[in-house]
Amino acid sequence: GMATCEIAAGSKDVMEVFQDAISTGKIKDVYLSQKGCAGRCNLEPTVEVVEAGKNPVKYGKVTKEKAMDIITKHIINGQVIEEWVIE
């Protein structure tokens, strides 16, 4: 999410982690987009991973460090990080 409140919570920094992973080739065949307000201010920054044929996974309170783990564990290795998932 990249609404004003999410940017204030750090989503721009989180977005940069994903942009860097794409630009360096760490992850490929990925579409990265920004979304507006999701009405979940207490869980910001949020990240949603959408994979073909699977239910979307939403992560809350994502930091730069968590973003790196989401890239490595979830996007690259297919392992959902259950303790960070939000409904």
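The dialogue below walks through how to read the fold, surface and core of a predicted model.

User: What does the radius of gyration say about the protein?

Analyst: It is taken over C-alpha atoms, and the globule rule is 2.2 Å times the number of residues to the power 0.38. For 87 residues a compact globule would have a value near 12 Å, and the protein agrees, with 12 Å. Along the principal axes, the C-alpha atoms fill a box of roughly 30 × 25 × 20 Å.

User: How much of the protein is buried?

Analyst: Buried means under 20% relative accessible area, exposed over 50%, and partly exposed in between (1.4 Å probe, protein chains only). Of the 87 residues, 32% are buried.

User: Which residues touch the most other members of the largest nonpolar core?

Analyst: In soluble globular proteins, nonpolar side chains tend to be buried together. A nonpolar core is a set of buried Ala, Val, Leu, Ile, Met, Phe, Trp, Tyr and Cys residues joined through side-chain atoms within 4.5 Å. The largest one has 15 residues, and Phe-18, Tyr-59, Val-62 and Ile-70 touch the most other members. Two or more residues each come from α2 (11-23), β1 (47-49), β2 (57-59) and α3 (64-76); α2 gives the most, with 4 residues.

User: What does Ile-70 touch?

Analyst: Contact means heavy atoms within 4.5 Å. Not counting residues up to four places away in sequence, Ile-70 touches Phe-18, Val-49, Tyr-59, Val-62, Ile-75, Ile-81 and Trp-84.

User: Where does Ala-67 lie, and is Ala-67 buried or exposed?

Analyst: Ala-67 lies in helix α3 and is buried, with a relative accessible area of 0%. Leaving aside neighbours within four places in sequence, Ala-67 is in contact with Val-14, Val-17, Phe-18 and Val-62. Ala-67 and Val-14 are 53 residues apart in sequence, yet 6.2 Å apart in space, C-alpha to C-alpha.

Terms used. Residues numbered from 1 in each chain as written. Predicted model: local features only at pLDDT ≥ 70, side-chain atom pairs only at ≥ 80, totals over all residues. Heavy atoms only, no water.
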